[in-house]
Amino acid sequence: MKTGGMTAWIAACTTTTALSAGAVWLAHRHMPAESPSLGVVLAAAAGGGAALAAVVLGALGRRSYRRACEMFEGDSRPEELTPERAGWLAPVAEAARHAILRWSGKHEESSARLREAEIRLSIAEAERSHAESILDSLRDAVIVTDQFNDVMLANASAERLLGVGDAGAEHKPLDQVVPDETLRQMIKDVTRGGVTARQKRVEHTMPAEPSGPAGAAFDVTIACLPEIRNAPGGVVTILRDVTREKEIAQMKSDFVSQASHELRTPLASINAYVEMLIDGEAATDEARKEFYTIIKGEVDRVSRMIDNMLNISKIEAGIVSVERSEVDFAKVIREVVETMQPQARAKRIMLIEKVGPLIYTAESDRDMMYQVVMNLVSNAIKYTPEDGRVTVSVENDDATRSVLVAVQDTGLGIPPEARARLFEKFFRVENYKRFAKGTGLGLNLVRQIVETVHRGKIDVDSEVGMGSRFWFTVPYEFQGGQA
Ligand code: ADP
């Protein structure tokens with residue numbers, strides 16, 4: 001007999017024995033004192049009944065145990081009970097079988113539900129991490145706050161902007177995370193207004209980084225998110241950095257106003273001389289020739305200025321076309337020196353080329369390189385008094401893998417305070433204006449060609465009264481961004 005059967009057997013025996021014992025106790029209690037024999041009879045009857053009950057119940061316990069074993073052994077699903085097999089236990093077994101079937105059906109159903117919930121959860125997690133990666137890849141800073149002004153979400157750009165570091169911004173109060181008072185107030189205003197609040201779009205200037213300099217401009221959009229199950233959906237704030245765009249817009253407007261101002265000067269001069277000619281103020285042929293020469297000079301200046309402006313704006317807009325070739329800088333220098341020799345001679349300036357025996361080539365745009373060397377040599381002659389010296393040299397700078405060209409003069413030199421602004425558009429050293437005419441665009445164009453187009457470097461070493469040494473490098477291999 002198995003353990004279960006034994007338990008049933010013991011339980012049956014215990015029950016019947018208890019019943020018998022009760023019967024014996026009753027018999028003994030009601031035993032008349034005067035009739036001990038009746039008590040004995042009753043006690044005997046009770047004991048016998050108890051023993052019989054124990055035997056019968058014990059037998060029944062054994063049978064039911066066997067049935068139960070037959071029913072449930074092996075397969076977890078109960079077999080069909082035949083009336084012969086079930087006997088008097090049939091109703092109980094049938095009820096148990098139904099209960100088990102119902103339970104196992106429910107179990108299967110809830111397992112399927114659990115599996116489905118697990119799949120839904122993993123899909124939701126994948127979708128969430130996908131959405132987070134999309135948000136993190138945005139250049140705009142995105143901050144989502146709840147109705148209590150706690151940060152629910154901040155993408156990577158926002159965390160960078162707010163400087164929250166590895167700790168992140170999520171689940172922190174807005175006041176702790178956003179250092180800019182005005183921005184905080186704008187977000188809180190929209191939160192207070194709830195869904196009825198209109199979307200807010202403002203331009204706001206604040207530090208690009210909490211510790212950084214003030215002045216970065218942001219296009220800020222603040223909007224209320226729709227409610228989720230009657231609960232406020234929160235507020236989303238998007239910050240788009242428009243600093244560069246504003247700078248470009250400012251540069252453009254500065255350029256236009258400066259250009260029109262600079263063009264007005266030669267045009268006014270042309271106008272004045274033409275009027276004098278019309279009014280017959282140039283009485284002699286010689287005077288008229290002088291006027292024509294001045295007009296021609298001013299017209300040349302205007303056209304040079306226009307050419308320079310167009311070239312600069314093309315480079316700035318990234319639409320300049322670069323004709324790449326292996327440029328021999330020794331040859332370029334020789335050509336420039338030959339061309340400029342008459343001008344140098346007119347001022348008794350010694351124009352010398354200092355070129356070694358090596359090959360000095362770099363992959364670059366030949367015409368642009370010619371223009372750079374020409375501009376620097378022309379300036380050197382312009383700003384060097386008579387009897388001076390201008391030397392053009394070239395060398396290979398293997399450390400930076402670049403060709404290095406230098407134009408050295410014994411001229412006026414550059415005042416230290418002008419050095420920083422020398423390559424800006426339209427900048428001219430005030431005191432040198434009477435010394436030579438110019439556009440103030442030459443050095444800017446030269447820097448654009450060297451640094452923007454060819455990824456080289458241009459600079460100047462100078463001492464007032466001693467002269468200047470303008471130098472530039474061009475990498476051996478073309479690295480420019482515009483081709
Ligand atoms: P510009 O047409 O006036 O020469 P640039 O852009 O070429 O315009 O030069 C800007 C200013 O830099 C000049 O006006 C001049 O004041 C100064 N400069 C340029 N080259 C020299 C030089 N070699 N020596 C002294 N000053 C120079």
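How many bridges join strand 1 to strand 2, and in which sense do the two strands run? Three bridges join them, and the strands run antiparallel.

The model is predicted, so local features need pLDDT of at least 70 and side-chain atom pairs count only at pLDDT 80 or more, while totals for chains, interfaces and linings use all residues. Residues are numbered from 1 along each chain as its sequence is written, and side-chain values use heavy atoms, with hydrogens and water left out.

**View 1. The hairpin of strand 1 and strand 2.** Strands are DSSP runs of E with at least two residues, helices are runs of H or I with at least four, and both are numbered from the N terminus. Two strands count as paired if DSSP finds at least two bridges between them. Five residues lie between strand 1 and strand 2 in this hairpin. Asn 149, in the turn, has a positive phi of about 65 degrees. Thr 145 has Val 151 in strand 2 as its bridge partner.

View 2. Five strands in the order 2-1-5-4-3 form an open sheet with antiparallel pairing. Its edge strands are strand 2 (151-154) and strand 3 (200-206), each of which pairs on one side only. Neighbouring strands are turned by 20 degrees against each other on average, direction ignored; axes are lines fitted to C-alpha atoms, for helices over the stretch in contact, and angles run from 0 to 180 degrees between N-to-C directions. Seven bridges link strand 3 and strand 4 (residues 216-224) in the antiparallel sense. Glu 203 stands opposite Asp 219 in strand 4. Helix 7 (residues 181-193) packs on the sheet and touches strand 1 (141-145), strand 3, strand 4 and strand 5 (235-241), where contact means heavy atoms within 4.5 Å. The direction of helix 7 makes about 165 degrees with that of strand 3.

View 3. Another open sheet of five strands has the order 7-9-10-12-11 and mixed pairing. Strand 7 (350-355) and strand 11 (457-463) each have a single partner strand, so one side of each is left without a neighbour in the sheet. From one strand to the next the twist averages 15 degrees. Strand 10 (residues 402-409) pairs with strand 12 (residues 467-475) in the antiparallel sense over seven bridges, and Ser 402 has Pro 475 in strand 12 as its bridge partner. Helix 11 (residues 366-382) lies across strand 7, strand 9 (389-397), strand 10 and strand 12, at about 175 degrees to strand 12. Helix 13 (residues 442-453) touches strand 11 and strand 12, and its direction makes about 135 degrees with that of strand 11.

**View 4. The ligand site.** There are 20 residues around the ligand, of which Asn 379, Arg 428, Val 429, Thr 439 and Leu 443 come nearest; a residue is near if one of its heavy atoms lies within 4 Å. A ligand oxygen atom is 3.1 Å from an N or O atom in the side chain of Tyr 383. A ligand nitrogen atom is 3.0 Å from an N or O atom in the side chain of Asp 409. A polar backbone atom of Val 429 is 3.0 Å from an oxygen atom of the ligand. Taken alone the ligand exposes 530 Å², and the protein buries 98% of that (Shrake-Rupley method, 1.4 Å probe).

View 5. Glu 94 forms a salt bridge with Arg 97, the closest N and O atoms being 3.0 Å apart; the term requires a side-chain nitrogen of Lys or Arg within 4 Å of a carboxyl oxygen of Asp or Glu. Because they are three residues apart in helix 4 (residues 90-137), Glu 94 and Arg 97 are separated by about one helical turn. By this rule the count comes to 28 salt bridges.

Terms used. Polar contact = N/O pair within 3.5 Å; in protein donor to acceptor, adjacent residues only side chain to side chain.
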